[in-house]
Every structure is written in C-alpha cells, then in structure tokens.
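Here is a friendly note to read alongside the model. Please keep the structure open while you go through the points.

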Amino acid sequence: MSRRPDHLDTILTLNYTQQRLTLYIVDIMTSILPEDAQGEIPVGFAIVGHSYPAAHLNLHDEYLPYKKLIAEVLLDKNPTIRTVINKVSDVGTHSEYRTFSYEVLAGEDDMNVEIREGDCTFRFDYSKVYWNSRLQTEHKRLVDMFNPGDVVCDVMAGVGPFAVPAGKKGVFVWANDLNPNSYAALKDAVVRNKRTPSTSHHHHYPSYNQPLRNEPPSISHLLHPRIPGTKGDDNVRQGKEICERVSEMLGVQVIQGDRYETSVWDVRDVAPNKRMFCVSFRLPEVVAFGERRA
Ligand SMILES: C[S@@+](CC[C@H](N)C(=O)[O-])C[C@H]1O[C@@H](n2cnc3c(N)ncnc32)[C@H](O)[C@@H]1O
C-alpha cells in the first residue's frame with residue numbers, strides 16, 4: 001500500500017487480501033472500519049443450519065452503513081456459510097407465525113436450512129417458520145422430563161423442536177401449528193426422524209374428547225410470557241406475577257409448589273429487558289374435564 005487510501009473499498013481490497021489467511025474476523029473488521037466505528041466490533045452473529053447455514057446479524061445502528069461490507073467478510077471467512085442476513089423486524093411483529101423480515105446482505109437469497117439438534121434433523125425455510133437455536137437447552141430440558149409412554153400435547157409446535165425428539169424417545173405426541181410451512185416441516189421431521197407410529201400431527205388444534213393418560217407428566221402446558229425485568233429478587237416477584245396470569249387464564253388458582261406441581265423456570269434473556277419463562281403445572285381436573293369456558 002503506497003498511500004493510505006481514504007476510500008473504504010480500497011482499504012478492504014488491500015488489507016484483507018494480503019492477510020486473509022491469518023487474520024481473524026475481528027482483525028479484519030478493525031482494519032476496514034473507520035476509527036470512529038471501532039467501539040464494539042460487530043463480530044456477533046448467529047448461524048442457523050448445518051448443511052446449508054445462514055448467518056444473521058443483529059447490528060447496532062452505527063454499523064448499518066457498513067452492513068454489506070461486514071456481511072461479505074463474514075461470508076468469506078466462514079466457508080460453510082452460504083447467506084448472511086440482517087433482521088429488519090423483531091420476531092413476532094411480522095406475523096402471527098412469528099417469522100421475521102430480513103434483508104440479504106451477502107450470498108444467496110436462499111434460507112432453506114438443515115438443523116441438527118440432539119439426534120434430530122429438521123429441514124425448513126428459515127424465512128417462513130419460527131426457529132430459535134438459542135432454545136436448544138430448553139428443548140432438551142423439557143424433552144428430558146418426558147418418559148416413554150407419556151402423552152404430550154405440543155400446541156403451537158412450530159417445526160417440532162419439542163415434539164419430534166419427544167416422539168423419537170417413545171412419547172405419544174399431539175402437535176399442531178397454524179403455519180402451513182411449519183406444519184410441513186414438522187411432518188417432514190417426523191418422517192425424517194422415523195417416529196411415524198407414535199407421533200400424531202395436526203395443522204389446527206385437534207379437539208380433545210378423550211382423557212389424556214394420567215401417568216406423570218400427563219401434560220406440560222407451556223407459556224412463554226415475556227416480562228421486562230432484571231435478575232435477582234425480581235425472579236420471585238415475576239414468578240408470582242406469572243402464576244397470577246396463569247390462574248386468570250385457567251380460572252383455577254396456581255402457585256409455585258402447589259398440588260399441581262406448578263413451577264416457573266427462568267429460560268433465558270431474550271433481550272436486555274425481556275426474559276423468557278416456562279411455566280409447568282399439572283392440568284387441574286376441573287380444567288381438563290370441566291365445561292368449556294366462554
Ligand atoms: C413462538 S413460536 C413457537 C414454536 C415452537 N413451539 C418452538 O419452540 O420452536 C409460536 C408458534 O405458534 C404458531 N401459532 C400461532 N397461532 C396459532 C394457533 N392459533 N394455532 C396453532 N399454532 C399457532 C405459530 O405459527 C408459531 O409457529
């Protein structure tokens with residue numbers, strides 16, 4: 001480099017090409033981004049998929065002008081990644097299917113991915129269904145609670161991260177999803193993971209006239225309320241608030257540690273002021289067998 005060019009593309013070509021085999025992504029970013037944009041180098045990204053992965057960036061506003069450049073570097077330094085995207089809306093604001101809007105920053109505009117989680121494989125178009133790789137631990141935690149022969153109703157099952165591994169271990173699963181793409185991926189995963197005999201799947205809610213088996217746990221009812229808060233003592237308050245909300249919905253009072261084995265599990269932070277909880281309880285008899293409420 002005979003002079004320090006002030007044009008960003010030129011800096012990219014020279015610095016990056018010369019050192020591409022030795023520099024880590026952060027080094028590359030440091031060398032290509034202007035000095036006033038080096039406070040927090042944006043190497044954070046999530047990779048979705050194994051065989052055909054996509055990486056999605058969550059860029060701070062200050063890095064948006066460099067989004068394509070950053071995406072090109074990520075693509076080039078990660079030979080396995082095929083597509084780099086930037087989310088342009090929160091999950092959930094886009095549709096009731098909990099999908100998101102995105103823009104392709106680099107690579108192919110193809111979001112078909114294959115995901116391997118535990119001993120299960122899923123194939124789907126990531127732009128058309130809900131999927132969150134960060135819930136892997138939660139998927140396993142719940143599936144580990146089920147025993148072969150249990151009956152589990154997974155309402156709003158998505159592509160089946162709970163239903164499919166549960167079915168695979170011999171649990172009888174009723175699963176549904178409103179999104180036709182999720183439903184198709186769920187059906188595909190059932191076949192792909194070879195559990196057709198014990199797993200039933202439905203596009204819409206099935207109507208339950210028959211009692212569910214009563215062996216523990218006969219049903220796990222999952223809610224994912226998002227409640228703003230921080231860690232520490234707030235957990236106790238939030239646990240109570242969540243139980244109150246569940247009680248209201250059920251028309252039966254539940255509190256942690258009651259005869260319904262109610263418990264509130266702090267799953268993970270999903271954003272600086274948002275956390276995800278999982279509420280588990282045995283379905284009270286009056287709810288399971290009582291009159292349908294208006
Ligand atoms: C947050 S996602 C969770 C998906 C899945 N349980 C998971 O953890 O990956 C919520 C799902 O509910 C589905 N959904 C929304 N309304 C529904 C309804 N009325 N009946 C069935 N599924 C519904 C959406 O399509 C979406 O897949």
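This is a predicted model: local features need pLDDT of at least 70, side-chain atom pairs count only at pLDDT 80 or more; totals for chains, interfaces and linings use all residues.

1. Residues are numbered from 1 along each chain as its sequence is written, and side-chain values use heavy atoms, with hydrogens and water left out.

2. Start with the ligand, which is surrounded by 14 residues (a residue counts when one of its heavy atoms lies within 4 Å). The closest are Arg98, Met156, Pro161, Asp177 and Leu178. By class, the shell has eight nonpolar, three polar and three charged residues. Domain 1 (8-110) and domain 2 (132-218) each supply at least three residues of this shell.

3. Asp177 places a side-chain N or O atom 2.7 Å from an oxygen atom of the ligand. The protein covers 86% of the 590 Å² of accessible area that the ligand has on its own (Shrake-Rupley method, 1.4 Å probe).

4. Finally, turn to helix H7, residues 234-250 (a DSSP run of H or I, at least four residues). Its 17 residues reach 24 Å from first C-alpha to last, close to the 24 Å expected at 1.5 Å a residue (1.5 Å times one less than the number of residues). Among its buried residues are Gln238, Ile242 and Leu250 (under 20% relative accessible area, 1.4 Å probe, protein chains only). After H7 comes Gly251, with a positive phi near 80 degrees.

How values were computed:
A polar contact is a pair of N or O atoms within 3.5 Å; within protein, one must be able to donate a hydrogen and the other to accept it, and residues adjacent in sequence count only if both atoms are side-chain atoms. Ala, Val, Leu, Ile, Met, Phe, Trp, Tyr, Cys and Pro count as nonpolar, Asp, Glu, Lys and Arg as charged, and the others, Gly among them, as polar. Domain bounds come from an automatic or database domain assignment. Helices (H or I, at least four residues) and strands (E, at least two) are DSSP runs, numbered from the N terminus. Buried means under 20% relative accessible area, exposed over 50%, partly exposed in between (1.4 Å probe, protein chains only).
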